[in-house]
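Visitor: Before we discuss anything, please put the model on the screen, and then take me through its cavities and its backbone with the criteria stated.

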2 protein chains.
Amino acid sequence: MGQLRLFAGVVREGSWVEARIDRGQPERTPVPRPDLRRMLIPIGPVAVFGASNFPLAFSVAGGDTAAVLAAGNPVVVKAHPAHPGTSELAAGAILAAARATAAPPGVFSLLHGPGPAVGLALVRHPRTRAVAFTGSLAGGRALFDAAAARPEPIPVFAEMGSVNPVFLLPGALAERGPVIGRALVDSVTLGVGQFCTNPGLVFAIRDAAYGGFASAVAAAVAGVPPGTMLTPDICDRYRGGVAAAAGIPGVSVVAQAVEAADRSCGRARVLATDLATWLNQPALRREVFGPTALLVECDSMTALVEAARALDGQLTATVHGTPDELGRCGDLVEALAQHVGRLVFNDFPTGVEVTHAMHHGGPYPATTDPRTTSVGSAAIARFARPVCYQNAPPALLPAALRDENPLGVWRLVDGEWTRGPDPAPGAHCASGPRSAASKSAP
Amino acid sequence: MGQLRLFAGVVREGSWVEARIDRGQPERTPVPRPDLRRMLIPIGPVAVFGASNFPLAFSVAGGDTAAVLAAGNPVVVKAHPAHPGTSELAAGAILAAARATAAPPGVFSLLHGPGPAVGLALVRHPRTRAVAFTGSLAGGRALFDAAAARPEPIPVFAEMGSVNPVFLLPGALAERGPVIGRALVDSVTLGVGQFCTNPGLVFAIRDAAYGGFASAVAAAVAGVPPGTMLTPDICDRYRGGVAAAAGIPGVSVVAQAVEAADRSCGRARVLATDLATWLNQPALRREVFGPTALLVECDSMTALVEAARALDGQLTATVHGTPDELGRCGDLVEALAQHVGRLVFNDFPTGVEVTHAMHHGGPYPATTDPRTTSVGSAAIARFARPVCYQNAPPALLPAALRDENPLGVWRLVDGEWTRGPDPAPGAHCASGPRSAASKSAP
């Protein structure tokens, strides 16, 4: 809901179109400089794939749908087969809103289908101009591949998961190891571990203070009640994933919740290993979707930096430290920044604020496009593209680009941001052809 | 050179990192809002492919290389085989500059290779993080496909050509048809027709005024001296392309320059056809690289709009009209905006200004990513990605994100653009973990 509220405000305010105006210089020699005005326009129909883990926030009426509509595009949603009824209810609400506001017919459609056929047909349809997806790496990559193989390739904005590593510095563990341990377990088991920002890897130095942290983790995990997961399939994959990781030599189970009677309940489990094992076992880098984390025990700050450099692309990384040791961990932060979209300090990554400065994205395999976010006001720009007007008569310009700035939007005028009218109205010219022969490159 | 000068200014000024700050709200309930700060950081090593048609502006030391370096990345250039010597000279100048400024080793490299092997190896290299290309559709698509098929896909920013349609409204032809005809021929034959913004299609209504325009075109074309094209291969393809188009039933040659004795000289030729033939012959949509254009004779404004709706993706479209008829051609402009990156009025597309508001891009097949530009200050952002700092201690923040705004850059603070310091320094908090369990979605 935060996303919908933010987008509504951003669209009403209007500055998201990123208007830029470079006024003409009719007196420039050897040729006049034309008047140039650029803004974002809608990209066209977008296919949105509902997520299994967010039947509301990232599905039919979720953030991607809202961003597509906010940019001015029609949307076709492929419902996730895990919650077709919820999808229909959300679609009914959207269609009622579209009728109530006299939105154009076709502004919203919902499709169902159990396998990949419907989704792939949607991605391959010649009118589809972009795709948004939240889900597994395999699912996101399949859509990306289909979109790239089209006669006209289109962008796929897939958010595919992340193990969201957490780095615990020794001073922080000495100062408040048990507090961090309990808060970590809260974050790992939030929503039965089914958040895309759920931390799945924890790097710490196994020193004297480590024991207090580890004991608190074990105690907290033991007290986590079993929780019903989104679907029986997801729960089966969770159980299998944890069992496979625990079976790797050098990996041990250090904490677990009670077993649930119900097979669709996820039981929280925390594993541990050493850095060498983690570095050498690709299976331990993969996300296990559910309430689990792997503690990777290191022997020095150098080892923590080595771990950071070996990470795959991630949505987030988190560092806990005292003010003093954070001031000295520039190497670690620098290494982490190369692999993540968001760096969290003395907090946990599971909360994703919906604001202008939020970035919910990251290098592959976290997403298919590290330049984009699926949360926050910048998410709208995924579904828009610039168009530039050269020497356009005022009557043909969109309101955001007219001299008088009737919408009062922020605009970059000759390189400076302003919300006012263009101080020199009428500077553009719209009459008379000019020679094209003497213009500058390219 | 305009591009290099603009980038130098933009990088010195610093606002290109698009800093955004949403200050924390420690008093928010049920949980405090964290401090979030986001800016662009370099994406990593980029492969740049030199263009055949711009040995300077779009090759070794051209706009793409400058944009990659401006964003803070190392660059590896694949020289175009048409001008290896020029490429070496430009590379020598860049390497000398890198030494003189003590830039890190490896900031710039140049590779040569006649076939696709070197280029493909560069695109497939695991450290390459993005690709920039200016050239043919076949070449750009091959690189795009290789990049999309990587284990970790990377973006390809390929600018692949365009036929840059020109629409001539009847009032403009009646008022100044001969003037437009001569200026059009200047634009079509500029640089022996080897600009990516070279107009290749002209749509006009065949009314009483059309004859004066067409006669001026024929006279101007007849006077165009033969020009040496970039390579003998390009000239052969030009001759073959024009001959193939002229051989299509319904297409006639309406104007041509004198034949050149030298086989590598391109002879300007203008063809004509009717709208039905153009709509039904896919070959007439393709760019013929060289000094040629096809006049498509229409019978009404409705036909012009029909033509606009049938266009493929283009870098530019141009409309010539009187103020009065431009005020009435909203349908045409609306249709053109769906297919192009830049709309030019009463001017010609061949000049590309290097400014903030320029957009040199467009829907496929003009480029592989209609959201990006290869000219103007926005070109830098192709080679950067956002990173977000949550509750970071000030000492770990890049200068552009610090409260006091030491660089004086434009920043979006709580949704408003400002160049000043953050008015509430110290509002962020960097101490103490908080519970992650009660935060809002997602």
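Guide: A cavity is, on a 1 Å grid over the protein atoms alone, a set of points where a 1.4 Å probe fits but cannot get out, and lining residues have an atom within 4 Å of a point. Grid points are joined across faces, edges and corners, and a volume is the space filled by probe spheres set on the points. This is a predicted model, in which local features need pLDDT of at least 70 and side-chain atom pairs count only at pLDDT 80 or more, while totals for chains, interfaces and linings use all residues. Residues are numbered from 1 along each chain as its sequence is written, chains are lettered from A and ligands numbered from 1 in the order in which they are written, and side-chain values use heavy atoms, with hydrogens and water left out.

Visitor: What volume does the largest cavity have?
Guide: Searching the whole structure gives 6 cavities of 30 Å³ or more. For the largest cavity, the computed volume is about 330 Å³.

Visitor: Which residues are the closest to the centre of the largest cavity?
Guide: Its lining has 17 nonpolar, 2 polar and 4 charged residues, where Ala, Val, Leu, Ile, Met, Phe, Trp, Tyr, Cys and Pro count as nonpolar, Asp, Glu, Lys and Arg as charged, and the others, Gly among them, as polar. Of the 23 lining residues of the largest cavity, those closest to the centre are A:Phe144, A:Pro155, A:Arg371, B:Phe144 and B:Pro155.

Visitor: Which element gives the largest share of the lining of the second largest cavity?
Guide: The second largest cavity, with a volume of about 170 Å³, is lined by 17 residues. Helices (H or I, at least four residues) and strands (E, at least two) are DSSP runs, numbered from the N terminus. The largest share of this lining, 3 residues, comes from S14(A).

Visitor: Where is A:Pro30 found?
Guide: The peptide bond leading from A:Thr29 to A:Pro30 is cis, with omega near 5 degrees, whereas most peptide bonds are trans. A:Pro30 is found in the loop between strand S1 (19-22) and strand S2 (36-42) of chain A.

Visitor: Is B:Asn164 buried or exposed?
Guide: B:Asn164, which is not a glycine, has a positive phi of about 45 degrees, and its place is in the loop between strand S7 (156-159) and strand S8 (166-168) of chain B. Buried means under 20% relative accessible area, exposed over 50%, and partly exposed in between (1.4 Å probe, protein chains only). Because its relative accessibility is 0%, B:Asn164 counts as buried.

Technical notes. On a 1 Å grid over the protein atoms alone, a cavity is a set of points where a 1.4 Å probe fits but cannot get out, and a pocket is an open set with protein on both sides within 12 Å along at least five of seven lines; lining residues have an atom within 4 Å of a point.
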